[in-house]
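Please look at the structure shown below and keep it in view while reading. The paragraphs that follow go through it step by step.

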Amino acid sequence: MKRTGAIFVEVIVSILLFTVGILALTGTLFYGVKMVTESRQETIKEQEYKNSVENEILGIIQGSDPSPAGASIGSDQIIINSRQLPFTLYRYKQEGKEGTEMYLIKRGNTP
Amino acid sequence: MKVDRAMTKKRPGAALLAIVLIGFLVLSLVSAVVVTIARNTLRVGAWQTEQIEKTRLDYLARTTAQAVTEQLTADPEAFGILNRTGIVSETKQITDGNFSASIDITIKGDDQRASVVAKASSEKGGSAIVRTTINLTVTPRTFTWSAGN
């Protein structure tokens, strides 16, 4: 049985597969280069965020920060030896980045 | 690429086979490099997540210790008479979205000094311990910070 053109189809399929592979590799390389280029800015942003939370802690410890900049997510209390320690929980988050939430506790007024 | 002419004449397709094999080898090498880079990126990502969790627990323990210390500085017997056995708090659960942690406080001391140990533990198994030691013999009262047990 003669199948003229079978080799042509094989070559086309192989070229197609090869092209897809090359494109995928190029995409990965470009992504890697982009990540490396952006990492500097990303590190600076992360450090600034961490510094701001550290400053908030310092403000709480020094008592110079009456209302922390974080989002208040409610007041609660810790029971120590049947006595209450009221507190407010504050949440901080790096803008545009998931999973970077930090939580700080600030003592509330004792009843 | 130099291919033996006599060989290719004898076996048509031998040159193509060599090209295909070398192409396969080059692509395999490039793929191995890409896979290694991807694996390292994932490892760094996991490490960063772990570090964020540690920092999160440390901040929580630090501010908890501060809250208890503030109270004790104002009134050393705010949570009962200080003793060496220790006053232990009820475990406080903090939950927000995917984050969940528990806080435990232990206060030990005598009429000279008080020690506050705040421990924040996460469900993932991580924990952070922060200790403050309050000097009750001086006015105004001072306290020192330390980490761990």
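Which residues in α1(A) meet which residues in α2(B)? From α1(A) the list is Gly21(A), Leu25(A), Thr28(A), Gly32(A), Val53(A), Ile57(A), Ile60(A) and Ile61(A). In α2(B) they meet Leu27(B), Val30(B), Val34(B), Ile37(B), Tyr59(B), Arg62(B), Thr63(B) and Gln66(B). Sorted by class, the residues of this contact between α1(A) and α2(B) are 10 nonpolar, 5 polar and 1 charged. The model is a predicted one, and every value in this text is to be read with that in mind.

In it, 30 residues of chain B are in contact with 28 residues of chain A. On the side of chain B that touches chain A, α2, β2 and β3 of chain B each supply at least two residues. The largest share of that side comes from α2(B), with 17 residues. By class, the side of chain B that touches chain A consists of 17 nonpolar, 7 polar and 6 charged residues.

Now take chain A by itself. It contains 1 helix and 3 strands, and from the N terminus on the order of these elements is α-β-β-β. What radius of gyration does chain A have, and what would a compact globule of 111 residues have? The value for chain A is 29 Å, whereas such a globule would have one near 13 Å. Along the principal axes, the C-alpha atoms of chain A fill a box of roughly 95 × 30 × 20 Å. Of the 111 residues in chain A, 14% are buried. Among the contacts in chain A with a separation of 6 or more, 24% are between residues 24 or more positions apart.

The strands of chain A come next. Strands of a sheet pair through backbone hydrogen bonds, either parallel or antiparallel. In chain A, 3 strands form an open sheet in the order β1-β2-β3, with antiparallel pairing. The edge strands are β1 and β3 (102-107) of chain A, each of which pairs on one side only. Neighbouring strands of this sheet are turned against each other by 30° on average, direction ignored. Between the antiparallel strands β1(A) and β2(A) there are 8 bridges. One residue to look up is Ala71(A), whose bridge partner in β2(A) is Arg91(A).

What packs on this sheet? α1(A) does, touching β2 and β3 of chain A, and its direction makes about 10° with that of β3(A). α2(B) also packs on the sheet and touches β2 and β3 of chain A; its direction makes about 0° with that of β3(A).

Most residues other than glycine have a negative phi, and most peptide bonds are trans. Asn81(A) has a positive phi, near 55°, and Ser82(A) has a positive phi near 65°. Is Ser82(A) buried or exposed? With 8 C-beta neighbours inside 10 Å, Ser82(A) counts as exposed. Asn81(A) has 14 such neighbours and so counts as partly exposed.

Chain B has a hairpin of its own. Strand β2 (residues 92-96) of chain B is joined to strand β3 (residues 99-109) of chain B by 5 bridges, and the two run antiparallel. Thr95(B) stands opposite Ser100(B) in β3(B). The hairpin formed by β2(B) and β3(B) has 2 residues between the strands, and Gly97(B) in the turn has a positive phi of about 60°.

Further along chain B, which peptide bond is cis? The bond from Thr139(B) to Pro140(B) is cis, with omega near -5°. Pro140(B) lies in the loop between β5 (127-135) and β6 (142-147) of chain B.

Methods
Residues are numbered from 1 along each chain as its sequence is written. Chains are lettered from A and ligands numbered from 1 in the order in which they are written. This is a predicted model: local features need pLDDT of at least 70, side-chain atom pairs count only at pLDDT 80 or more; totals for chains, interfaces and linings use all residues. Two residues are in contact if their C-beta atoms, placed from the backbone, lie within 7 Å. Helices (H or I, at least four residues) and strands (E, at least two) are DSSP runs, numbered from the N terminus. Ala, Val, Leu, Ile, Met, Phe, Trp, Tyr, Cys and Pro count as nonpolar, Asp, Glu, Lys and Arg as charged, and the others, Gly among them, as polar. Two strands pair if DSSP finds at least two bridges between them. A residue is buried if 20 or more other C-beta atoms lie within 10 Å of its own, exposed if 12 or fewer, and partly exposed in between; C-beta atoms are placed from the backbone. The radius of gyration is taken over C-alpha atoms; the globule rule is 2.2 Å times the number of residues to the power 0.38. Axes are lines fitted to C-alpha atoms, for helices over the stretch in contact, and angles run from 0 to 180 degrees between N-to-C directions.
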